[in-house]
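Trainee: Could we read this structure together, one feature at a time? I would like the rule for each feature and then the case here.

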Amino acid sequence: MKRRLQPLVLIALVVALTLNLNQHFEIRKDQAASSSVQAQFAQLPLAFEPNVGQAGSVVQYLVHHGQATTYFAGSDTVTTVGEDRLTMRLAGTTTPAFTGTDELSSKTNYFLGSDQSKWQTGVANFQTIIAENVYPGIDLKYYGSDAQLEHDFIVSPGADPAQIGLEFAGHKELMLDAGGNLTLKLAHTELTLEAPVSYQETAVGGRKAVDSSFTLDGQKVRIALGEYDTTRPLVIDPTLIYSTYLGGSSDEFGRKIAIDSSGNAYVGGQTKSSDFPTSSPYQGTFGGTEDAFVTKMNAAGTALIYSTYVGGTGTDQAIGLTIDSSGNAYIVGNTDSTDYPTVSPYQAANGGTQDVFVTK
């Protein structure tokens, strides 16, 4: 079900943005933006913007999703996550032209330096962009689902889906796992395209699944299909999921993870980093030799909802984590700190060399 964004003006602070045909580009963002604000924006529907000067001339549309930005430049789709850049190219196509559909009531404003002539205001937002005939008889649609970027290949009756070929650049490693998922390892991030889900609409309004899988053809990724009705349209829907690093400049150990009903992930463990990423923390600074941590990430894996140290001046390790129906996190572990943070404690003082702790 599509979600409609209530009237809102999105203000993007962008200092510099360049992009050329070789995918060389630089983005500098306001580093002081709070993680809590980023988390709130990550919950909004994705908004595709036409390029009216806020990006390089080869870019047709762009979309900000969580901590990533994706640029649509003809047959190239370039996604940036921090310092990582991944290009997905449609092999063997001419330059497709994207069109925005389902316009949102929101607008985006860009203020580039003090020269008002370079400001871009009232940039339209769309829920979907579509490029027709990226291959003969095959359209390509991009849209947002649960704050993640998805795309469908829509194969017209009689068109040949074997034309579809994907090439990637910017990754260190590409592999297919046992489940048929395509994993791309970048310098700091790991992205996965789940094995495509393909289907056809039936005459009675339902969907009939069609077997489909990724295959490797040299450096190209292709899609193998089972039998289907070639007289009816076919939808091929690969889903992009995330895998991300979480940590600072020293050692981290993730011990437990829990998922709530909204798909948010709660991670517990311990860290030796004084720069472990925090957001809306109960304890914002590193306390000692090793601290426990609790982090809640949004369902898309693109933003921290909260992340905090929990510990004293000694060694604190979280080895278990669970959540309740209200989304409260409970951690259990061990500590040798005499100043471990306590609230309404059953036992307020350290009892020996190393104590168990339970924290909500």
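Trainee: Is R222 buried or exposed, or partly exposed?
Mentor: Buried is under 20% relative accessible area, exposed is over 50%, and partly exposed lies in between, with a 1.4 Å probe and protein chains only. R222 has a relative accessible area of 23%, so R222 is partly exposed. One caution before we go on: this is a predicted model, in which local features need pLDDT of at least 70 and side-chain atom pairs count only at pLDDT 80 or more, while totals for chains, interfaces and linings use all residues. Residues are numbered from 1 along each chain as its sequence is written, and side-chain values use heavy atoms, leaving out hydrogens and water.

Trainee: With which residue does R222 form a salt bridge?
Mentor: The rule asks for a side-chain nitrogen of Lys or Arg within 4 Å of a carboxyl oxygen of Asp or Glu. R222 meets this with D217, their closest N and O atoms being 3.0 Å apart. D217 is partly exposed too, because its relative accessibility is 41%.

Trainee: How many salt bridges does this rule count?
Mentor: The count comes to five. Another of them joins R89 and D76, at 2.6 Å from N to O. R89 lies in strand 8 (residues 84-90) and D76 in strand 7 (residues 76-81), so this pair ties together parts 13 residues apart in sequence. R89 is partly exposed, with a relative accessible area of 32%, whereas D76 is buried at 8%. There is also E103 with K107, whose closest N and O atoms are 3.1 Å apart. Here E103 is partly exposed at 41%, and K107 is partly exposed at 28%.

Trainee: You mention strands; how many helices and strands are there in the protein?
Mentor: Both are DSSP runs numbered from the N terminus: helices are H or I with at least four residues, strands are E with at least two. The protein has one helix and 27 strands.

Trainee: How do strand 18 and strand 19 pair?
Mentor: Two strands pair if DSSP finds at least two bridges between them. Strand 18 (residues 212-217) and strand 19 (residues 220-225) are antiparallel and share six bridges. For an example you can look up, S213 has A224 in strand 19 as its bridge partner. The two strands make a hairpin with two residues between them, and G218 in the turn has a positive phi of about 65 degrees.

Trainee: What joins strand 23 to strand 24?
Mentor: Six bridges join strand 23 (residues 291-297) to strand 24, and the two run antiparallel. A292 stands opposite V310 in strand 24. Five of the seven residues of strand 24 (residues 304-310) are buried, so this strand is largely enclosed by the rest of the structure.

Trainee: Which residues have the most contacts inside the largest nonpolar core?
Mentor: In soluble globular proteins, nonpolar side chains tend to be buried together. A nonpolar core is a set of buried Ala, Val, Leu, Ile, Met, Phe, Trp, Tyr and Cys residues joined through side-chain atoms within 4.5 Å. The largest one here has 36 residues, and those with the most contacts inside it are F48, F72, F98, I138, Y142, F153 and F168. Strand 10 (residues 120-135) gives the most to this core, with six residues. A second, separate core has 11 residues, including V310, L321, Y340 and F357.

Trainee: What does F72 touch?
Mentor: Contact means heavy atoms within 4.5 Å. Leaving aside residues up to four places away in sequence, F72 touches residues including F48, V58, F98, I129, Y142 and L149.

Trainee: And which residues make the nonpolar surface patch of about 380 Å²?
Mentor: Patch residues have over 30% relative accessible area and no salt bridge; like charges are joined within 9 Å, and nonpolar side chains (Val, Leu, Ile, Met, Phe, Trp, Tyr) within 5 Å. This patch is made by I319, V332, V356 and V358. V356, in strand 27 (residues 355-359), is exposed, with 65% relative accessibility.

Key:
Accessible areas come from the Shrake-Rupley method with a 1.4 Å probe; for residues, only the protein chains shown count as cover.
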